[in-house]
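Hello,

Here is the structure I promised to pass on. Please have a look, then read my notes below.

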Amino acid sequence: MYRVTIDTDACDGIFACLTRDDRFAEGEDGLATLDAEGVRREDGRVVAEFEDDRRTDAEQAAEACPPGAISVETVEDGESARTETVEDEASATAGAVGDE
Ligand code: SF4
């Protein structure tokens with residue numbers, strides 16, 4: 001799995017990314033966004049994770065982006081579900097202590 005992030009503070013709407021990877025699209029704000037499932041906005045960034053064979057497309061979009069607003073990084077298995085997991089572990093631990 002890999003994560004694509006667009007730093008919308010750095011994006012200046014040149015749209016070189018669109019011609020490298022058609023998952024990039026022009027958003028209502030005139031800046032790049034991602035046209036894909038599970039896309040979210042976090043703190044001036046557009047973020048989405050993918051599990052497919054199109055990482056090279058995303059990396060080419062990142063290389064083509066003049067201000068370097070796009071990043072592509074590997075996501076370890078389970079990392080995106082970390083929040084839920086921490087909560088589950090807390091209740092599991094509480095149960096274990098109670099059993100002793
Ligand atoms: S190439 Fe970079 S600066 Fe241009 S629209 Fe895409 S993300 Fe924004």
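**The sheet and its neighbours**

Y2 has T74 in β6 as its bridge partner. Strands here are DSSP runs of E with at least two residues, helices are runs of H or I with at least four, and both are numbered from the N terminus. Strand β1 (residues 2–7) and β6 run antiparallel, joined by 5 bridges. α2 packs on the sheet and touches β1 and β6. The direction of α2 makes about 145 degrees with that of β6. Axes are lines fitted to C-alpha atoms, for helices over the stretch in contact, and angles run from 0 to 180 degrees between N-to-C directions. Contact means C-beta atoms, placed from the backbone, within 7 Å.

This is a predicted model; local features need pLDDT of at least 70, side-chain atom pairs count only at pLDDT 80 or more, and totals for chains, interfaces and linings use all residues. Residue numbers start from 1 along each chain as its sequence is written.

The open sheet has 4 strands in the order β4-β5-β1-β6, with antiparallel pairing. Two strands pair if DSSP finds at least two bridges between them. β4 (40–42) and β6 (70–74) are the edge strands, each pairing on one side only.

**Overall**

The protein has 3 helices and 6 strands. Along the sequence they follow β-α-β-β-β-β-α-β-α. Of the 100 residues, 16% are buried. Buried means 20 or more other C-beta atoms within 10 Å of the residue's own, exposed means 12 or fewer, and partly exposed is in between, with C-beta atoms placed from the backbone.

- E59 sits in helix α2 (residues 55–64). E59 is partly exposed because 17 other C-beta atoms lie within 10 Å. The C-alpha atoms of E59 and V72 are separated by 6.3 Å, though the two are 13 residues apart along the chain.
- F15 is in the loop between β1 and α1 (16–20). F15 is not a glycine, yet has a positive phi of about 65 degrees.
- D43 is in the loop between β4 and β5 (45–50). D43 also is not a glycine and has a positive phi of about 55 degrees. With 8 C-beta neighbours inside 10 Å, D43 counts as exposed.

Best wishes

Methods: Two residues are in contact if their C-beta atoms, placed from the backbone, lie within 7 Å.
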